[in-house]
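Please look over the structure shown here before reading the briefing that follows.

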Amino acid sequence: MVNGMRKTWFFLSVFGLITLLMITGLPSHAQKSPKTLTLLYSNNINGEIDPCPT
Amino acid sequence: MKDLRESEKGVFVLDSGDLLFKKFVNPIPENELKGLSEKAHLMIESFNLMGYDAMGIGDDDLTMGKEFLLEISKKANFPFLSSNLFDEASGKVLFQSFLIKEIHGLRIGIFALLSPDFFTGPSDPRRKGLTFRSPIETAQAMVKELKPKTDLIILLSHLGYGKDVELAQTLQGINIILGGHNGINLVYPTVIKNTIILQTASRGMYGARLDLLLYNNEPTFYNSTTKTSLENHLRSITQRLNAAQIPEAEKAQWRKAKEETERTLNQLQGKNVFTNNIISLAEQMKEHSDIKTLVEAYKAKAQTKENPISPK
């Protein structure tokens with residue numbers, strides 16, 4: 001009898017947790033994490049091999 | 001660059017032209033041809049070592065002509081791009097007209113344009129065997145082609161700053177214009193109708209870095225300095241409000257200013273943001289040992305040619 005109640009509570013808890021996750025979705029920080037991109041760019045180097053020409 | 005490549009961030013390294021030679025002088029002295037060719041090869045080898053992803057063509061890259069540029073492009077580990085430059089004989093595009101790369105799930109389309117206005121006329125030896133298509137019409141066609149396939153479109157522009165502005169005003173869809181030819185340092189990039197226009201000073205004095213944080217798929221970006229400036233403004237207002245002896249009427253004005261600043265700051269939440277940094281290469285970049293070896297070998301060779309040791 002006690003074991004049966006425990007099983008019922010266990011299944012109810014798991015069901016409740018899954019329902020809660022379905023309603024609220026995954027943790028919000030996972031969605032808000034932005035994509036990042038870094039562009040390193042140059043132009044008009046004009047064959048210069050010394051980084052700071054005088 | 002190496003550290004960035006090894007980090008979790010998506011990194012893309014691009015050049016928008018006038019890489020290989022100094023400003024074109026017509027005619028090129030015969031005795032300089034070999035040295036120019038060697039220097040151009042050194043530039044390509046260095047760019048290979050730095051891991052460049054693509055390069056647009058500038059007018060000065062054609063200093064030694066079409067055939068030389070085609071030949072040297074084969075030595076590069078990255079594509080030469082030009083969308084409006086065509087081979088006169090075959091009518092085919094001279095180089096790859098666009099590139100699509102995916103970084104961290106972000107599909108990036110890159111194309112390149114060169115202005116025919118930078119050549120002195122049909123007799124300019126640099127444009128021998130070449131024809132140009134209209135940069136504006138080519139840009140329209142490229143955006144139409146790339147838009148459905150990409151999340152972000154970058155133009156490697158060798159049109160000049162004025163034309164870059166005009167293009168951003170007239171054509172929607174290009175997110176970033178990496179400009180060239182003028183060699184102006186755009187520390188605070190111009191943003192026109194959702195297009196960010198960038199450019200750095202000439203002759204290798206500066207490199208630059210643009211960091212993008214994309215929170216959504218909208219094509220709009222704001223400059224992170226805008227947020228910093230608003231935050232500083234908000235701090236300053238709060239200090240004024242906390243000051244002891246301020247008449248109530250003035251306090252009301254500051255409260256209103258505070259509310260407006262907070263509202264503007266809230267509007268930036270969740271929007272895509274960019275940060276641009278112009279980097280002084282001499283002061284902030286470490287020497288790459290392999291490139292340093294190449295440069296020193298080139299300099300030693302050039303020195304020997306200038307001052308040959310006379311035989312005893």
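Two residues are in contact if their C-beta atoms, placed from the backbone, lie within 7 Å. By that rule, the contact takes 19 residues from chain A and 50 residues from chain B. The side of chain A that touches chain B divides into 10 nonpolar, 7 polar and 2 charged residues, where Ala, Val, Leu, Ile, Met, Phe, Trp, Tyr, Cys and Pro count as nonpolar, Asp, Glu, Lys and Arg as charged, and the others, Gly among them, as polar.

This is a predicted model, in which local features need pLDDT of at least 70 and side-chain atom pairs count only at pLDDT 80 or more, while totals for chains, interfaces and linings use all residues. Residues are numbered from 1 along each chain as its sequence is written, and chains are lettered from A and ligands numbered from 1 in the order in which they are written.

**Strands between the chains**
- Strands are DSSP runs (E, at least two residues) numbered from the N terminus, and two of them pair if DSSP finds at least two bridges between them.
- Strand 1 of chain A (residues 35-42) pairs in the parallel sense with strand 1 of chain B (residues 10-15) over 6 bridges, and A:Leu37 stands opposite B:Gly10 there.

**Strand 11 of chain B**
- Strand 9 (residues 176-178) runs parallel to strand 11 of chain B, joined by 3 bridges, with B:Ile196 as the bridge partner of B:Ile176.
- Strand 10 (residues 190-192) of chain B runs antiparallel to strand 11, again through 3 bridges, and B:Val191 stands opposite B:Ile196.

Key
Helices (H or I, at least four residues) and strands (E, at least two) are DSSP runs, numbered from the N terminus.
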